[in-house]
Amino acid sequence: MRNTITAMATSLAATTTTTTTTHHEFHIAPMQCYTNQPLRKLTSFLSPTSIKWTEMEKVDDLLPDLEHSLKKRLGGEENETNLILQLGSSNANKLQRCVRVALDHYPKLREINLNCGCPAIATGGAPTYGASLMKDVSLTSQLVESIASTTEINVSVKCRIGVFDTAEDIAPMGEKQYEYLHKYVTAIHDAGANHVILHARPAILSLNPVKNRIVPTLDYGVVHRIASDFKGKVKITINGGINSLIDLKTMQNDDTTNISSHMSGRWCLRRPLDLMEIERSLVDKAMPDVQSAIHHYIEYAVKNQNQFTIGELCLPLYLIVAQLQEDYEQERESNLLSWEEIETLHNIIEDGLLTKLSNGKMKKSNSIKFKKLASSFKPLVGTKVVNKWKRNRAEL
Ligand SMILES: Cc1cc2nc3c(=O)[nH]c(=O)nc-3n(C[C@H](O)[C@H](O)[C@H](O)COP(=O)(O)O)c2cc1C
């Protein structure tokens, strides 16, 4: 069985080496509790070209000591490149202050993004931040303008294709809903943003974030239509439900749309190593070397133990182990790595964990046991975090 799979993996790998440059962009979606500096670091080693996002930072939580809070939340690396800072706020003055301080300390930020898509906001109807801002075109404009007038760098908005109060109100995207979205994107553009990321589902304000990623159905057609209507004016990034290399490549190769930029969230958590293949689809280069990527990450984790908790530093490695465990136990050809490489990675991560990150508390196993390796991570990462990740994985 193993030999057959190795042969399949080799032949699939040979097929994918013919991939050419697409000039598309790929964004790793902002995700609370995940896209902190350690995960961004790992993803940078696996795919330097992909665009990384911070978690959403609520401006009210960063105040009053903006400088200190930003440093704590974003990590101390001021020159991190290819990074978009996402902010959540409904107050133009506070937002502007935050943007000023952020740019003083992180001058290499690629873009500032306003979150208009997060649904977890029960406020009795008053727009606060996130998806409820989609109900208020004028407030959204003011907020975008307050950022755009503060900086020369690009400003963007991440939102949904529509917004409803309850699941009962939800209606298929008819002309009226499309016109509203068109008006919303026009207002964003007029206020100074040149990039809109559309999660291709409407938001339902009364549902929690998990249900909001499952209950409303995806409608890519609306995103394509907006991309075509705003061609040359606003760059449109499509998000939602891009869950595999096949999904991504199908979208990248569809030259009937004006989409040139794709964003994915949960797929990158479930299969972070797929980022190496994404990298190859973005640039005309050989796939990054996975072993050195992991070695570099372990080196980074060891060096930054004073800045981050052991749980934060180990979570990215745990995501990789979980992907390898899935492939190894299901004997599934990963299309990326041979079994020998998978086994080598097991040993590199086990050694890194045992000797460098867990202060020698873990015992080395004398065989390849991903299940055991995954459970060694639990006390380091924390059972609560592991369970949350399992729930997020089950959403797909
Ligand atoms: C755990 C988790 C946390 C998220 N946090 C944020 C966030 O901070 N800001 C945001 O704009 N979207 C957030 N999202 C939504 C994602 O950015 C993305 O829009 C959504 O997951 C749909 O993309 P996907 O189907 O590729 O996962 C989060 C999603 C998940 C799963």
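User: How many of the five residues of strand β9 are buried?

Analyst: A residue is buried when its relative accessible area is under 20%, exposed when it is over 50%, and partly exposed in between (1.4 Å probe, protein chains only). Strands are DSSP runs of E with at least two residues, helices are runs of H or I with at least four, and both are numbered from the N terminus. In β9, which spans residues 235–239, four of the five are buried, and the strand is mostly covered. Keep in mind that this is a predicted model: local features need pLDDT of at least 70, side-chain atom pairs count only at pLDDT 80 or more, and totals for chains, interfaces and linings use all residues. Residues are numbered from 1 along each chain as its sequence is written, and side-chain values use heavy atoms, with hydrogens and water left out.

User: Okay, and which strands does β9 pair with?

Analyst: Two strands pair if DSSP finds at least two bridges between them. Strand β7 (residues 195–199) pairs with β9 in the parallel sense, over five bridges. To spot that pairing, look for Val196, whose bridge partner in β9 is Ile236. β9 also runs parallel to strand β10 (residues 261–264), and three bridges join them. Here Asn239 has Met263 of β10 as its bridge partner.

User: How does the chain cross from β9 to β10?

Analyst: Through helix α10 (residues 245–252), and this β-α-β crossover is right-handed. To check the hand, point the strands away from you: it is right-handed if the path from the first strand over the helix to the second runs clockwise.

User: What about β5, is that strand mostly covered or mostly open?

Analyst: Mostly covered: six of the seven residues in β5 (residues 154–160) are buried. Strand β4 (residues 111–116) runs parallel to β5, with six bridges joining them, and Ile112 has Val155 of β5 as its bridge partner. β5 pairs with β7 too, in the parallel sense over five bridges.

User: Now the holes! Which residues lie nearest the centre of the largest pocket?

Analyst: The general idea is that rolling a probe the size of a water molecule over the atoms shows where empty space is left. On a 1 Å grid over the protein atoms alone, a pocket is an open set of points with protein on both sides within 12 Å along at least five of seven lines, a cavity is a set where a 1.4 Å probe fits but cannot get out, and lining residues have an atom within 4 Å of a point. In the largest pocket, Pro30, Met31, Gln32, Lys158 and Arg213 lie nearest the centre, out of 37 lining residues. The elements giving two or more residues to that lining are β2 (51–58), β5, α8 (209–212), β10, α11 (266–270) and α17 (383–394). The space inside is about 710 Å³, where a volume is the space filled by probe spheres set on grid points joined across faces, edges and corners.

User: And what lines the second largest pocket?

Analyst: 17 residues, with Cys33, Asn36, Glu55, Arg73 and Glu312 nearest its centre. This pocket holds about 450 Å³ of space. Its lining draws at least three residues from each of domain 1 (24–282) and domain 2 (290–394); those bounds come from an automatic or database domain assignment. By class, the lining has six nonpolar, four polar and seven charged residues (Ala, Val, Leu, Ile, Met, Phe, Trp, Tyr, Cys and Pro count as nonpolar, Asp, Glu, Lys and Arg as charged, and the others, Gly among them, as polar).

User: How many cavities of 30 Å³ or more are there?

Analyst: Two, from a search of the whole structure. The largest has a volume of about 50 Å³, and α15 (339–357) gives the most to its lining, with four residues. Residues lining this cavity include His346, Glu350 and Lys372. The second largest cavity holds about 40 Å³, and its lining includes Ile28, Arg40 and Trp53. Helix α2 (37–46) and strand β2 each give two or more residues there.

User: One last thing: why is helix α12 largely enclosed?

Analyst: Because nine of its nine residues (274–282) are buried, α12 is largely enclosed by the rest of the structure. Charged side chains are part of that buried set too, among them Asp274, Glu277 and Arg280.
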